[in-house]
Amino acid sequence: MNKAIERLKKILKLEQQQGYRNKAVIGGLGRLAERWQVDALQEATVDGQQALVDQIVARLDGYGSLQGSSARKEAIEAMLTLAGQWEAPPAPQFTAPKPSAASHPTPPASQPLAEAPQASPQPVRAEPPVLAKVAPPPARPAMSPPAPRPPVPVKAAPPPSPGTAYAGVRPTPVGTASLQASISRLPGIGPNFSERLGKMGIHTIGDMLWLLPRRYDDYRAMKPIHQLRDGDEVTILANLWDLKSKRLSGRGASFTTGVLDDSTATIQVSWFNPYVIKQLKTGQSYVFSGKVQSYLGRLTLRNPEFEEPDKELLHTGRLVPVYPLTKGIGAKWMRNTQKRVVAEWGRRVHDHLPESVRQRAGLMTLAQALDQVHFPDSQESLRDARQRLAFDELFVIQIGVLRQRQEYRSLPGRSFPLDAIGQAAFVQALPFEYTSAQARAARAILDDLAGDRPMSRLMQGDVGSGKTVVAANAMWAVAANGAQAAMMAPTEILAEQHYRGLSKLFAGLRVQERPVRVALLTGSVKGAERAATLRALAAGEIDIAVGTHALIQEGVEFRNLGLAIIDEQHRFGVRQRAMLRDKAASDSGVEGQDPAPHLLVMTATPIPRTLSLTVFGDLDASVIDEMPPGRQPIKTRWLLSKERERAYSFVRRQVEAGRQAFIIYPLVEESESLSAKAAVPEYEQLCKEVFPQLQLGLLHGRMKSAEKDAVMQAMQRGEIDILVATSVVEVGIDIPNATVIVIEDAERFGLAQLHQFRGRVGRGEYASYCILISDATTPNAAERLHALEQSQDGFALAEKDLQLRGPGDFFGTRQSGLPDLKMAKLSDLRTLELARVEAARLLQIDPDLSMPEHLALARKARQFWRSEGDVS
């Protein structure tokens, strides 16, 4: 009995009993699709079952978008019909291709994943499997799983001549297990090896196939022994003589030595592996590859790879792949196993990339790319393979973000026009004039709000560029139209600061002859005050709500949410962002859909173009790239720890002149595992020994909200001379009188984060300074600190930080929202832009990816984005 199928049948019958309300599982049948697909594929062992899974998942995925009970009834009955065919699914049927005059074969149509047809001298054209006559899967914006397609065994651009192929790509015998089958199904992999591979995250045949080399040893250069030089990485063909094992004195370990002779000269060879002597025979010829080293004035070859010359070379004489390993798994075993897996299973990975896209981009087939990335014939073929696999990842990212954009924009929205009189009233309430960059951003946002589709916009600007007031302009437009706006900040400190600033700004503005009502909702708002705030939100008596994640907790309801604003959005997981956006979209049942709120996300971390096309690829972008008048550049210096007293003296002089200062530490408390300074013990030492005459304050994330608020208010009132803090001050702390910030162990912070710290000063009329204290020795850390010294440009620093650290660490967390990338680099702007162009072109033709030739891509995109699913 198939457990996945039986479970599905029970759920479908329960849905029938409940009247097709999409309530049989929490979140609806669409939420079931991905979880059930994984389970079902693991149990798919017969031809045709893969295709059944694909068809069922397509219907599960689109079920929630069906209108009316009759359409849903038909879909449930179709899925039950498909489920009933599980034990004896119709077999795929293949027909011979029609002759073609093209220079390369016509791309094949869809076929099930389980099998690839036996390769023949001419590629065969696969026809779709004939299953049951059931209702077609519903069209919907969400990704539908594919009916996979077989790989095309030719290279696309330029087209190869007949019969050419990369070495190692051979016909694959047809088996019955799928790529989702357990790794133990492979010959020679029993329980012990399965357990070891499991520690590396390898559980299925597909996992093994996608374990890519982390680097390559280039042993293609063959030399006679008499031409060898110290440091050469070479391959030699030689006879082995004088093979013997020796024991190291006093250590109990043994090693193996021998002499290699190729008639031009001899060289000593050694292995620190006692088992080698059992694998080699004296007097026999072998191919040896390794690095030549000088030892006691003589050249030697240490620990070389070797194999017999009359066999296909895997470990020597070529670009040799080097795989990740674990205890009990050796390099040779891994290469031998991967060679079998690639030769046997590489052909069974269906090429999800549409043939038209592949041809235009001049890419290998997926089968060729896998073969060449594992066992490349040349540097050129390896480059082409990497390019294909990198393009795939970036293309799927673009499919995801563009479809997210497409889906959100297809929802109904509400129009909030702000006329000239209303805008003039807001501008008049400002204590300053807009910069031209602020005015541009505000105009773009107001135009979006006046439209009938929901806005989805990213507003980015450097520290202190004035983003919040532009966001307030958008809130005013919504409030003036009788709707509500919500702003979510990552910390209570920042939320409270926004609340105070917005309350002050809106104090002079009125809607419907009454003041604009602003409320704060954070975790610290409790009891009667919280209950009253929740009632007022639900009744529509609050125009603007400012808060933390408390805004998206259960029980928080808005009467008429028209605009959701997320500040410092990278601090939130993507699901939290989606939850705030969805606060206005109540469960509207089958027949209708409430208007979606407009969405504005803000960040003071300048976003490199590559990330703006990926993590934020579904958002329109506004950039505030102009600082308000009077902002001065912040002088930045890197000092060694032995120069710390110079920094302290400078801080002391600034305080004596009436200014305030920050001192930042990477840790709250001391750690046994990290040799870095911590705020709490250093605060005590600074109070007692360094600045005993000054007023110091302490701020870190472990303090209670009331304590943090008291410290910040004291700092803002000027009662604290020096604030000792952790990274909790990275965003949102506005102290115009602060002129110097000292950052201890600065190498422990990313470049973008250091730039954010630096933005805590220089917010007033006084010259300001940033002092980095670090004994950094690594080139990467030194490069970050030098870059900060030399540049005030947040966008240039963001590009540098992405280049040095990657997208996950760029944000200081793993919340970039992107799935892990095996091959692509987000710094590869050329490939990224090509992928975006091709994705947009494809979605213009097939927005739902419902055409048969695009089903494989739809499934790939669903799998790739499974971990997050919303990237806005």
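## Basis and overall content

A residue is called buried here when its relative accessible area is under 20%, exposed when that area is over 50%, and partly exposed in between, as computed with a 1.4 Å probe on protein chains only. Helices (H or I, at least four residues) and strands (E, at least two) are DSSP runs, numbered from the N terminus. The model is predicted, so local features need pLDDT of at least 70 and side-chain atom pairs count only at pLDDT 80 or more, whereas totals for chains, interfaces and linings use all residues. Residues are numbered from 1 along each chain as its sequence is written, and side-chain values use heavy atoms, with hydrogens and water left out.

The protein chain holds 27 helices and 23 strands, and 53% of its 872 residues count as buried. With contact taken as heavy atoms within 4.5 Å, 75% of the contacts in the protein chain between residues at least 6 apart in sequence join residues at least 24 apart.

Two strands are said to pair if DSSP finds at least two bridges between them. On that basis, six strands form an open sheet with parallel pairing, in the order β18-β23-β22-β19-β21-β20. The edges are formed by β18 (635–639) and β20, each of which pairs on one side only, and the twist from one strand to the next averages 15°.

Strand β21 (residues 722–725) is joined to β20 (residues 696–699) by four bridges, the two running parallel, and Leu699 stands opposite Ala725 in β21. Strand β19 (residues 660–664) also pairs with β21 in the parallel sense over four bridges, with Ile663 standing opposite Val724. Within β20, Leu696 and Leu698 point one way while Gly697 and Leu699 point the other way, and all are buried. Together with helix α21 (residues 705–716), β20 and β21 make a right-handed β-α-β unit, where right-handed means that, with the strands pointing away from the viewer, the path from the first strand over the helix to the second runs clockwise.

Helix α22 (residues 751–758) is mostly covered, eight of its eight residues being buried; among them are Gln753, His755, Gln756 and Arg758. Axes are lines fitted to C-alpha atoms, for helices over the stretch in contact, and angles run from 0 to 180 degrees between N-to-C directions.

The axes of α22 and helix α23 (residues 779–790) come within 10 Å and cross at roughly 35°. The crossing is right-handed, a term used when the near helix is turned clockwise from the far one by less than a right angle. Leu751, Leu754, His755 and Arg758 in α22 meet Arg784, Leu785, Ala787 and Leu788 in α23. By class, this contact has five nonpolar, one polar and two charged residues, where Ala, Val, Leu, Ile, Met, Phe, Trp, Tyr, Cys and Pro count as nonpolar, Asp, Glu, Lys and Arg as charged, and the others, Gly among them, as polar.

## Two loop residues with positive phi

Most residues other than glycine have a negative phi. Asn303, in the loop between β6 (298–302) and β7 (305–307), has a positive phi near 50°, and Asn303 counts as partly exposed at 43% relative accessibility. Gln512, in the loop between β11 (510–511) and β12 (514–515), likewise has a positive phi near 50°, and Gln512 counts as exposed because its relative accessibility is 64%.
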